[in-house]
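Colleague: Before we go into any detail, could you take me through how to read the features of this model one by one?

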Amino acid sequence: MFNKAILVGRLCNDPELRYTPSGVAVANFRLAVDRQFTNPQGERETDFIDIVAWRQDAEFAANYLTKGRLVLVDGRIQVRNWTTQDGQRRRNVEVVADRVRGLDRPREGQAGAEAGAEAGAGAGAGAGAGAGAATEGEAPEAPVDDERAPDPWADQ
């Protein structure tokens, strides 16, 4: 059997960092991932995928990634089933991250140390110089860079 998920998308919210009773870091966040095809109206649909990161990846995500950042998540799909106190069955599908990497540079106004710390963590920051300004309801421009973006799997 093989269970592997590789996603590239934008963070929908800042990662939420917590610790287990034994002190292990765990972060939860949601990733917006565009589908490769368009719907009959010619628009791309977006999937919103829950991510769970543990240990160093959880701390990295919470400390250096913020809403709107372009992120690569490499992990596995996990399905959790449970019954609520009132007897309703619930199900949640999420990706448990084996690796979390930032693929873009922080936008202006974010912590200046963020880019240096991310590069030091081997995060592959450098897909371009930050996104251009966008008005409300308009997608930001793609970063423009004369050099190719570094391979996010190069540190293997």
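Colleague: What percentage of the residues in the protein do buried residues make up?

Modeller: This is a predicted model, in which local features need pLDDT of at least 70 and side-chain atom pairs count only at pLDDT 80 or more, while totals for chains, interfaces and linings use all residues. Residues are numbered from 1 along each chain as its sequence is written, and side-chain values use heavy atoms, with hydrogens and water left out. Buried means under 20% relative accessible area, exposed over 50%, and partly exposed in between, with a 1.4 Å probe and protein chains only; buried residues make up 29% of the 156 residues in the protein.

Colleague: What does the pLDDT average over the protein?

Modeller: Where pLDDT is low, the predicted coordinates should not be read in detail. The pLDDT, the predictor's confidence in each residue from 0 to 100, averages 76 here, and 68% of the residues score at least 70. Over residues 112-156 the value is below 50, although this stretch has 58 contacts in the model beyond near neighbours in sequence, a contact meaning heavy atoms within 4.5 Å.

Colleague: In which order do the elements run from the N terminus on?

Modeller: Helices (H or I, at least four residues) and strands (E, at least two) are DSSP runs numbered from the N terminus. The order is β-β-β-β-α-β-β-α, with 2 helices and 6 strands.

Colleague: Which residues of α1 are buried?

Modeller: Asp 57, Ala 58, Phe 60 and Ala 61 are buried in α1. Seen down the helix axis, these buried residues fall within an arc of 165°, so they line one face of α1; the arc is that of the directions from the axis to the C-beta atoms. On the other side of α1, Gln 56 and Asn 63 are exposed.

Colleague: How many aromatic pairs does the count come to?

Modeller: A pair of aromatic rings is described by the distance of the centres and the angle of the planes. Rings of Phe, Tyr and Trp (its six-membered ring) pair if their centres lie within 6.5 Å, and planes under 30 degrees apart count as stacked, over 60 as edge-to-face and the rest as tilted. The count comes to 1 aromatic pair: the rings of Phe 60 and Tyr 64 have centres 5.7 Å apart and planes at 40°, so the pair is tilted. Phe 60 and Tyr 64 are 4 residues apart in α1 (residues 55-64), and therefore separated by about one helical turn. Phe 60 counts as buried at 10% relative accessibility, whereas Tyr 64, at 27%, counts as partly exposed.
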